[in-house]
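Reader: I'm new to this one. Could you walk me through how to read it?

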Amino acid sequence: MSTSSFLKQPKSVWAVAFACVIAFMGIGLVDPILKPIAEQLHASPSQVSLLFTSYMAVIGVAMLITGAVSSRIGAKRTLLIGLAIIVVFSALAGLSNSIGMIVAFRAGWGLGNALFIATALATIVNSAAGSVAEAIILYEAALGVGIAAGPLVGGELGTISWRGPFFGVAVLMTIALAATAFLLPASPPEARRTSILEPLKALRHRSLATVAVTALLYNFGFFTLLAFTPFPLAMSARQIGLIFFGWGLCLAFTSVFVAPRLQRRFGTLPVAMTVLFLFAVDLAVMGLYAHHKPVLAVGVVVAGLFLGINNTLITEAVMGAAPVERGTASAAYSFVRFSGGAVAPWLAGKLGEEVNIQLPFYVGAFAVLLAVGALATGWKPLSHLRIPANHSTAEAEALTAADA
């Protein structure tokens with residue numbers, strides 16, 4: 001692959017890629033400011049963790065409608081509506097004076113993110129110069145940069161005020177909105193209109209349901225790590241931002257470079273089960289040493305290595321798990337998966353408040369172990385995933401918000 005040809009993309013592609021970076025930043029942007037928000041708005045950890053709960057719950061439900069919306073009004077309009085929603089609700093969150101208002105506005109932010117991210121990949125693939133594989137690499141690069149940069153930017157802006165990250169996103173997304181509006185060609189509605197019931201019907205396939213439940217359970221551990229760890233760390237916004245920046249770098253690196261190599265050598269299913277087990281061990285160690293900040297910091301960064309591999313392999317497993325369109329399979333999977341991301345932050349905060357700071361990590365580790373068991377039940381239905389195989393372009397095309 002020629003680097004020069006890869007970089008020679010239309011301006012419309014770079015506009016959408018830039019917006020992707022900012023959209024994926026939203027995942028970890030609030031991590032460094034969770035504790036400052038709690039202190040300044042007199043909120044408990046479980047209340048502040050609802051910022052993740054409302055965000056992820058709305059994304060999960062919205063994934064059922066994104067295909068229906070895009071197929072009716074076209075990709076460009078869907079992108080612009082999603083970006084506009086993010087601009088409005090991120091700014092409103094920055095203007096809020098109560099934890100309830102921020103939680104509500106984060107929910108609106110989640111709707112915008114779902115509409116944008118679910119459409120962005122297809123837009124890049126259709127508009128990019130060169131091969132589909134090069135377009136996928138560009139998308140995955142934007143995803144990785146966004147995930148890694150989110151905590152770093154949040155930490156730096158959070159040193160000024162906890163409102164800073166919210167206003168920062170509003171400004172950057174406004175730029176992305178203008179660039180997309182002027183540079184991306186109009187896209188007509190699709191010939192076939194997608195029904196919102198199609199993803200739910202797809203879950204009737206046992207293989208797809210198995211992978212989706214696996215993702216729900218490991219997401220429970222993932223968002224326990226993401227939403228609760230800043231509280232026992234009890235560091236400055238900048239310090240927490242740097243720790244989660246390391247986490248994001250590890251996640252981006254293993255998802256793009258390590259996961260395909262392991263897949264080719266050992267097969268998707270064996271690698272995913274092994275990595276999930278190692279993630280459960282990591283969470284258990286964090287629980288055991290929850291009062292030791294260096295152990296928690298290292299545990300967060302190490303978790304990024306495991307999550308990067310698992311996100312890529314599990315998402316690809318979804319695409320071949322049932323005889324349905326890739327977009328439908330992805331929407332069904334995301335709908336189930338984000339349920340774990342919605343419940344875990346609030347529950348972790350409650351357990352940390354009312355019992356001790358170790359229990360949330362133990363519960364997260366147990367949920368991830370259950371994910372290993374759930375995936376093991378699909379050993380026969382998902383037998384094709386036990387065979388070493390190449391990281392295929394067809395599977396990569398289906399990556400959506402679930403990769404974040």
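Reader: At what angle do α2 and α6 pack, and how far apart are their axes?

Author: First, a word on the source: this is a predicted model, where local features need pLDDT of at least 70, side-chain atom pairs count only at pLDDT 80 or more, and totals for chains, interfaces and linings use all residues. Residues are numbered from 1 along each chain as its sequence is written, and side-chain values use heavy atoms, with hydrogens and water left out. Axes are lines fitted to C-alpha atoms, for helices over the stretch in contact, and angles run from 0 to 180 degrees between N-to-C directions. Here, α2 and α6 pack at about 145°, with their axes 9 Å apart.

Reader: Is the crossing of α2 and α6 left-handed or right-handed?

Author: A crossing is left-handed if the near helix is turned anticlockwise from the far one by less than a right angle, and right-handed if clockwise. For α2 and α6 the crossing is left-handed. Residues making this contact (heavy atoms within 4.5 Å) include V16, C20 and F24 of α2 and W109, F116 and I124 of α6.

Reader: How do the residues of that contact of α2 with α6 divide?

Author: Ala, Val, Leu, Ile, Met, Phe, Trp, Tyr, Cys and Pro count as nonpolar, Asp, Glu, Lys and Arg as charged, and the others, Gly among them, as polar. The α2 contact with α6 has twelve nonpolar, five polar and one charged.

Reader: What about α4 and α10: at what angle do they pack?

Author: About 135°, again with a stated axis distance of 9 Å. Angles under 35 degrees count as roughly parallel, over 145 as roughly antiparallel, 65 to 115 as roughly perpendicular and the rest as oblique. So α4 and α10 are oblique to each other. α4 passes α10 in a right-handed crossing. The contact is made by S49, F52 and M56 of α4 with F223, L226 and A227 of α10, and these divide into five nonpolar, one polar and no charged.

Reader: How many helices and strands does the protein chain have?

Author: Helices (H or I, at least four residues) and strands (E, at least two) are DSSP runs, numbered from the N terminus. The chain comes to 17 helices and zero strands.

Reader: How far does α5 reach from its first C-alpha to its last?

Author: The expected span of a helix is 1.5 Å times one less than its number of residues. With 21 residues (75–95), α5 reaches 31 Å, close to the expected 30 Å. α8 has 20 residues and reaches 28 Å, close to the 28 Å expected.

Reader: Which residues of α5 are buried?

Author: Buried means under 20% relative accessible area, exposed over 50%, partly exposed in between (1.4 Å probe, protein chains only). In α5 the buried residues include L79, L83, I86 and V87. Their cover includes α2, α4, α6 and α8. In α8, the buried residues include F166, V169 and M173. Across the 404 residues of the protein chain, 57% count as buried.

Reader: Is T210 buried or exposed?

Author: T210 has 8% relative accessibility, so T210 counts as buried. T210 sits in helix α10 and touches A374, L375, T377 and G378, leaving out residues up to four places away in sequence.

Reader: And where is Y362 found?

Author: In helix α16, residues 359–376. Y362 is partly exposed, at 33% relative accessible area. Beyond neighbours within four places in sequence, Y362 is in contact with A284, G287 and L288. Y362 and T224 are 138 residues apart along the chain, with 9.9 Å between their C-alpha atoms.
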